[in-house]
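Trainee: I would like to go through this chain step by step. Please start with the terms.

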Amino acid sequence: MKTAKTDNKIKEFLSDADVAIGLKSIKKLPAQAASFAELPENLNAGLAAAMKARAYEKLYIHQRKAWDFAMQRRDFVVLTPTASGKTLCYNLPVLHTLMEDPEARALYLFPTKALSQDQQAELNELLESAELKFPAVTYDGDTPRAQRKMARESARIVISNPDMLHSGILPNHTKWIQFFAGLKFIVIDEMHSYRGVFGSHVANVFRRLLRIARHYGSDPVFILCSATIGNPVELAEALVGRKIDAITENGAPRPEKIIAFYNPPLVDPVQGIRRSSADESMRLSAKLLEKGVRTILFARSRLKVEILASYLNKRFSNIYNNNNNIRVEPYRSGLLPNERRNIEKGLRDGTVSGVVSTNALELGIDIGGLDAAILAAWPGSMSSFWQQAGRAGRRQGQSLVVFVASASPLDQFYIENPERCMEAKAESARIDPENPYIYTDHVKCAAFELPFKEGEVFGSELESVLDFLTEGGVLRQSGGRWFWASASYPAEKISLRSASADNIVIVDTTKGQNSVIGEMDIPSAKELVFDDAIYIHKGRQYVVQKLDIENRHCFVEARETNYYTDAVVKNDLKLLSEDEKPFGGLLDLVVGDILVRSSAEKYKKLRFHSNENIGYGEIFLPPEEMQTRTFAIVFNNKGQAALFLQSLGEMESASCLAGFTSMLRSMAPLELLCDYQDLGTAWRLRDDHFLLPSVYIWDRYPGGTGLAEAMAQKLDAILSAAYKRLEHCDCQYGCPSCIGVAEERFSNFKDRKASVNRLIKLVLTDLHASGQG
């Protein structure tokens, strides 16, 4: 009955005139029936009885295949949609093995602490129903000291995350001898999370894990799971360094899902300016919540999450009816563990009606049966789109997903081409375990854990890195072995998720209190919590009193303001090497190393709701320096594109290059599994290195993660999509939905959009003529 009511409410919502005005397309994913297989005949009797007691009379076909592979001790990856029962793909063979072999152990790894806690709760239910007494323990940064000792000494299943494995378990492996000696399975869930920088680090952590497992005589089987990724086998093999089999046929049922593509109405058709996607997403979410449709709203940043949650709660505020019995919570990184768990609990038991979240809730944390998901702007990748869409309708009945486009070119491309969204496969994830910065750090960690032996295999550059570290006094060579020689503890200084292991702790000093309310990495802190910045936490505004980078503290004080702050960042570049030139001809496409010096020198004050710029402030912080990988397009005077730039005046040519670069960065995530914020860009009318017009796109992580190389290979497809977007944009001179609003110095060039369109077309012509397309 509840399902029918929800279906009617969704139908009413879509037919609402205030909603219909922005609906550009409505697609449906039809319901899909389940495909079953029998329970294994050799399944442990107690486990079989527990399965039947929980109404598991049969398995889905992918669950049965996972059982077969696990019993054959084959490493494998399961690639099926969200809410398809992947958890049982590993719980069943692991529990069976542990019941049959009292010495067997298993390690479960999840990308976040929140997901680890959630999965332990589900595992405990199965253990209780099977009347199993052996402990499954979560071991992470929040685990009490007494429970940590129990995990090391007696836990049969340890649930953790790569960060804790890296810094807490592997360096202390001598305390885990019994666990490593009996290790039979390593479970890696949400595999698609391990990409880019994080994935490159994690691949090296797994090298260290297997090295220690071999040291204690075990050879565990890897079980990997993922919902959305274009290259599951390639990524899995890169992560674990072994041959991987794939299970891709899904046997789980799927209820009908409606996917609506919503484009905010134009407020200025001449300039192509639309209503804010964030404001429209909030308005649509409010309509659904008012109808009793439990809703999750995904926003792109921590700041947007806090602002939107605050707006929604103010909208429903009413002291006479308990705020219309609607409670909306913000969910993002930086919340304290108990805050996160209270929100998750509220979503499961229904006391929280809606949640505004970053991609922190994109993963498979159990948050109960949500009926609708609103995506405020493109989430960055096709994988993320389907992960977020999967958060609605995880139980049964019809569900709704609304993609609310921003004015960005990529969002507008999907509004015009919804079939691309529905039919395109997920992007391929890239990692680079051999990144020299990342690889060298993990060689240090591995040497600390166990001395390296002559001839040992650990990546491709082990010998040269060992020599380098020995020369620096970090290692000591003796008798064909390399020993750790430094007094430091290497893992504690290496963060798997950022360039620095140090975080800034945010301290609330309001009315003399000193309570920690959040934390942030240093590069982000320089752009978000500089002196006098507005920091928003759980809908409350704070003014930053002092950012003390040296002591890793940021002191804030609660204060109501009518604006928020946004840093303006400047980049200086120096090309260090041209180590790869994949293409040459009518255009030079160069891949190499670059030094990027970034500094936040001032900030804007933007009024809430209207985003009106009401002033500027100065930022006085030291710059960040980074050596990374770059892809450069050099207009070498041979091709039609270069000749076209020469035909323009200096300022007009600069305006054209600026628009070209903006389009390239905006459309890159269409082909690369990355967010546009993972890429830095700059254009030069006369580059200091090449002495020619040039465009740079670099990977915003030290040493790079393969994005620069991928950009060189995908340039033709990215520019073709950019050209198509420009052709379909209705604006006259350029707008946020194509080349962006012109900088003030370029505002007089009315042909800016036409010149960028012409340049893209000529670059494509030069690529094809050179055999590069």
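Mentor: Helices are DSSP runs of H or I with at least four residues, strands are runs of E with at least two, and both are numbered from the N terminus. This is a predicted model, in which local features need pLDDT of at least 70, side-chain atom pairs count only at pLDDT 80 or more, and totals for chains, interfaces and linings use all residues. Residues are numbered from 1 along each chain as its sequence is written, and side-chain values use heavy atoms, with hydrogens and water left out.

Trainee: In which helix is Tyr439 found?

Mentor: The helix to look for covers residues 436-449. Tyr439 falls in that range, in helix 18.

Trainee: Is Tyr439 buried or exposed?

Mentor: Buried means under 20% relative accessible area, exposed over 50%, and partly exposed in between, with a 1.4 Å probe and protein chains only. Tyr439 has 2% relative accessibility, so Tyr439 counts as buried.

Trainee: Which backbone oxygen lies 2.5 Å from a polar atom of the side chain of Tyr439?

Mentor: A contact means heavy atoms within 4.5 Å. Leaving out residues up to four places away in sequence, Tyr439 touches several residues, including Asn204, Arg207, Phe458 and Val465. A polar contact is a pair of N or O atoms within 3.5 Å; within protein, one must be able to donate a hydrogen and the other to accept it, and residues adjacent in sequence count only if both atoms are side-chain atoms. The backbone oxygen at 2.5 Å belongs to Phe458.

Trainee: Where is the place of Asn161?

Mentor: Strand 7 covers 157-160 and helix 8 covers 162-169. Asn161 sits in the loop between strand 7 and helix 8.

Trainee: Is Asn161 buried or exposed, and which backbone nitrogen does its side chain reach?

Mentor: The relative accessible area of Asn161 is 4%, so Asn161 is buried. Not counting residues up to four places away in sequence, Asn161 touches Leu109, Phe110, Lys113 and Asp140. At 2.9 Å, the side chain of Asn161 reaches the backbone nitrogen of Met164.

Trainee: How many helices and strands are there in the chain, and what is its radius of gyration?

Mentor: The chain has 24 helices and 32 strands. The radius of gyration is taken over C-alpha atoms, and the globule rule is 2.2 Å times the number of residues to the power 0.38. For 773 residues the rule gives 28 Å, and the chain is close to that, so it is as compact as a globular protein of that length, with a radius of gyration of 27 Å.
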